[in-house]
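Here is a short tour of a protein model for you. Have the viewer open and follow along.

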Amino acid sequence: MGKFVVQGDTVLEGEVKISGAKNAALPIMAASILCDEEVVLENVPRLQDVFVMKDILLSIGFNVIFDKNTLIVSRAKDISCEVPYELVRKMRASFNVLGPIAARAGKARVALPGGCSIGVRPVDFHLEGLKKLGFSIKVEHGFVEATFEKRVEHATITLPFPSVGATEHLMTTASLLEGTHTIIENAAMEPEIVDLQNFLNAMGGNVKGAGTSRIEVEGVKKMNSVRYRIIPDRIEAGTYLIAIAASGGMGAVKNVIPSHLANPLGKLEQIGADLRIYKDTIEISMEKRPKSVDITTNPYPGFPTDLQPQMMVLLSIANGVSVITENVFKTRFLHVDELKRMGADIEVSGNVAIVRGVKKLSGAPVEGTDLRATAALLIAGIIAEGSTEISNVEHIFRGYENVVEKFENLGARIEYVPGETEKNREN
Ligand code: EPZ
């Protein structure tokens, strides 16, 4: 695995253009399986996770052309019903092709996703929901087999937790079950779910309620060809806003939908950032030392868990003590030990981290453990005294398009040293 060598003591200034949302593109790519005509997706970010989903679509019989940020998906031959472990292992969201394949072809066999560094990540909500939709489920030898048994006229699925993936998986699958009326209660309300609903309806689906906790789906017989543009990535945008604030700089984050970031923007204001919000641009500056503030992550519209590691870096140099409570992935604190190596004063107990602000972090060799933790370490390296080496840095390419160029345009000094296996990475 490769590394970043980051020079510290950098004040970030300038503009950054936000790419399409990874967490909208992935469920929408899975949903394109429902259509046997051409689907054209625009504003798709060129990220490792998107390349994996592209390989999955290719492996089950679709043609996929990915030209710049436009992805064209068309059915090549009969869909094969099995997705190999080595592809699902690489990216958990690929599990969400199980339902669409089974809805199209009557059955599907997909490897169970593993856990990952941010938590166990079970799929029990997905499987219970698919059973309610008329599928029989068999789990053996690390694979899940879903077979369509009988049409259900009315299905009401109540999620024990507003799971993003389960909500997306079930609303997608239900969309092609003609004659089935599905209600998903306690649904997740993320903007990416609204984007998925808009995509499904653009193909001819009949989905209502995304963005609320109750989604209704009327299954249709067929989906039609569509050209659709993916929304901007609110987590990428939040990452750059936090980085600029943490460096004491000023900048403009463009191509964003500010309303998708209401909660984090409120927190940044409490911390003392000066924000100017326009239709699709957010300007931020931070002259003074950040003030401490408590953060509690929750499903949307709460503070997003995917910005928790990045916000922890900003709070690690704040004036005072901040309490960070992680309610989505209870063990999402692997970045804490790495930040402590850089001089941060953080104590973790269960799903709570107590962050006592220090004046400055100090550069040190650290290790990336997952996508957002590695983004947090990059921010820490940019603002720390001296230089920082981030090993296992490839995690960051899963979720941040052109991340080195975008940060260098803001004044960061980053050298990427690819690992052996990374020399021929697709990008
Ligand atoms: C999505 O993951 C995102 N990934 C994650 O972003 C994000 O952190 C997460 O939602 C929460 O917002 C994509 O959209 C591709 P969940 P997902 O199902 O769907 C439990 C990133 O960095 N759960 O909402 O996997 C689960 O263990 C990634 O871009 C069950 O118990 O998240 C967790 O504690 C990281 N059983 C909670 O629900 C289930 O069947 C929320 O998980 C499903 C989930």
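Predicted model: local features only at pLDDT ≥ 70, side-chain atom pairs only at ≥ 80, totals over all residues.

Residues are numbered from 1 along each chain as its sequence is written, and side-chain values use heavy atoms, leaving out hydrogens and water.

Let's begin with the sheet. It is open and mixed in its pairing, with four strands in the order β18-β19-β21-β20; strands here are DSSP E runs of at least two residues, and helices H or I runs of at least four, numbered from the N terminus. Two strands pair if DSSP finds at least two bridges between them. β18 and β20 pair on one side only, as edge strands. Inside the sheet, β19 and β21 run antiparallel and share five bridges; Ser322 has Val355 in β21 as its bridge partner.

| Strand | Residues |
|---|---|
| β18 | 295–297 |
| β19 | 321–326 |
| β20 | 345–349 |
| β21 | 352–356 |

Next, the lining of the second largest pocket. Eight of its residues are nonpolar, seven polar and five charged (nonpolar: Ala, Val, Leu, Ile, Met, Phe, Trp, Tyr, Cys and Pro; charged: Asp, Glu, Lys and Arg; polar: the others, Gly among them). Helix α13 (residues 403–409) gives the largest share of this lining, four residues.

Finally, look at Thr172 in helix α6 (residues 164–174). Thr172 counts as buried because its relative accessibility is 3%, where buried means under 20% relative accessible area, exposed over 50% and partly exposed in between (1.4 Å probe, protein chains only).
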